[in-house]
Amino acid sequence: MDLSYRSTISIYKSILEQFNPALENLVYLGNNYLRAFHALSKAAEVYFKAIEKIGEQALQSSTSHMLGEILMQMSDTQRLLSSDLEVVAQTFHVDLLQHMEKNSKMDVQFISVSKQYELEYQRRATNLDKCMAELWRMERARDKNAREMKENVMRLRSEMQAFVSESQREAELEEKRRYRFLAEKHQLLYNTLLQFYSRARGMIQSKAPRWKEQLEASRNPSNSHSQALLSASHGQGYPSGRLTPTHLEMVRSPQTAQPCLGRYWNRLSREAVDAPSLEPFKVPSNPIYSMWPFLAKRKSSLCVGCSGGVC
């Protein structure tokens, strides 16, 4: 009986000194968590609103219209996810925090219950001890009422045992009810989270692969754009067909190059016939040529008919 009493007192003490303060701390931390969530939600709203504005700008561009659509879709998707997440926050606030706060305040009454148990136990124990002491005195005096007192002591002891057992069972139920309440409320929160994540996963899985394909496609120009670039490059008139001219095409256009080539071949023909009578080319008396001999060699290779150009 004393063991049951100590166990009951230990349960009441655990609820009052450990569980209730922990519950109040959970309410405090939960409110902080809720404020942080709203701040994060507000920051996400501002961020994706800016993404939406950039997407609107991209829609005005002929080359980035598809990228603008992707950015707009991403912003809309985030707006839907934030709206669904607000439901989770509402569940957390209404179905969890408010109930925990209410129960922590109601447990102030539980303090009086525990005190009443102690007082009742002491009263019964004192009464039983008095009856047992009286029974012991009556038995020593061979009092004829000793039998009746003995029955009274047995009745009080039985009632005391029932009271202690019932009080222990009620204390254990109270302790279990509090932990079950906390677990059930969080299980409800996780059900709401599961619904949110299932919806969010389905939403993102249906859109993210398409966004990836569109982004990969935007890395290469379209066929029509490629054809336009190709026709523009052919319209430049380079005989080689390259986008950039060769070293022969870089100096002058075909119309100006042909007379120069004719004069060059005529000069070579004259040199082939009149080679014995030709005098060596004289380098002008310029101090620069005397300092750098290789310039004089380069000067001798210039085409006179091309006005100083390199043929």
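Biologist: Read along the sequence, what pattern does the chain follow?
Modeller: This is a predicted model, in which local features need pLDDT of at least 70 and side-chain atom pairs count only at pLDDT 80 or more, while totals for chains, interfaces and linings use all residues. Residues are numbered from 1 along each chain as its sequence is written, and side-chain values use heavy atoms, with hydrogens and water left out. Helices (H or I, at least four residues) and strands (E, at least two) are DSSP runs numbered from the N terminus, and the chain holds 8 helices and 0 strands. The pattern along the sequence is therefore written, with helices and strands as DSSP runs, as α-α-α-α-α-α-α-α.

Biologist: At which residue does α2 bend?
Modeller: Helix α2 covers residues 65-106, and its 42 residues should span 62 Å, which agrees with end C-alpha atoms that are 61 Å apart. Within this helix there is a bend of about 25 degrees, located at His93.

Biologist: At roughly what angle do the axes of α2 and α3 cross?
Modeller: Two packed helices are described by the angle between their axes and the distance between the axes. Here axes are lines fitted to C-alpha atoms, for helices over the stretch in contact, with angles running from 0 to 180 degrees between N-to-C directions, and contact means heavy atoms within 4.5 Å. Ser104, Lys105 and Met106 in α2 meet Val108, Gln109 and Phe110 in α3. The axes of α2 and α3 (residues 108-140) come within 4 Å, and they cross at roughly 35 degrees.

Biologist: Which elements do the buried residues of α3 pack against?
Modeller: Buried means under 20% relative accessible area, exposed over 50% and partly exposed in between, using a 1.4 Å probe and protein chains only. By that cut-off, the buried residues in α3 include Phe110, Tyr117, Tyr121, Leu128 and Met138. The helix has 33 residues and reaches 49 Å from its first C-alpha to its last, close to the 48 Å expected. Its buried residues pack against α1, α2 and α4.

Biologist: In the largest nonpolar core, which residues touch the most other members?
Modeller: A nonpolar core is a set of buried Ala, Val, Leu, Ile, Met, Phe, Trp, Tyr and Cys residues joined through side-chain atoms within 4.5 Å, and in soluble globular proteins, nonpolar side chains tend to be buried together. Leaving aside its neighbours within four places in sequence, Leu189 is in contact with Val88, Phe92 and Leu96. Of the 19 residues in the largest core, those touching the most other members are Phe92, Met100 and Leu189.

Biologist: Is Tyr121 buried or exposed, and what is its relative accessible area?
Modeller: Tyr121 is found in helix α3, and, not counting residues up to four places away in sequence, it touches Met1, Asp2, Tyr5, Met160, Phe163 and Val164. Tyr121 and Ser167 are 46 residues apart in sequence, yet their C-alpha atoms are 9.7 Å apart in space. Tyr121 counts as buried, because its relative accessible area is 9%.

Biologist: How far apart in space are Leu156 and Leu128, C-alpha to C-alpha?
Modeller: Leu156 is in helix α4 and is buried, with a relative accessible area of 13%. Beyond its neighbours within four places in sequence, Leu156 is in contact with Asn127, Leu128 and Cys131. Although 28 residues separate Leu156 and Leu128 in sequence, the C-alpha distance between them is 6.2 Å.

Biologist: What is the relative accessible area of Glu184?
Modeller: Glu184 has its place in helix α4, and Glu184 and Leu96, 88 residues apart in sequence, are 9.4 Å apart from C-alpha to C-alpha. Glu184 is classed as partly exposed, because its relative accessible area is 46%.

Conventions:
The expected span of a helix is 1.5 Å times one less than its number of residues. The bend at a residue is the angle between axes fitted to the seven residues ending there and the seven starting there.
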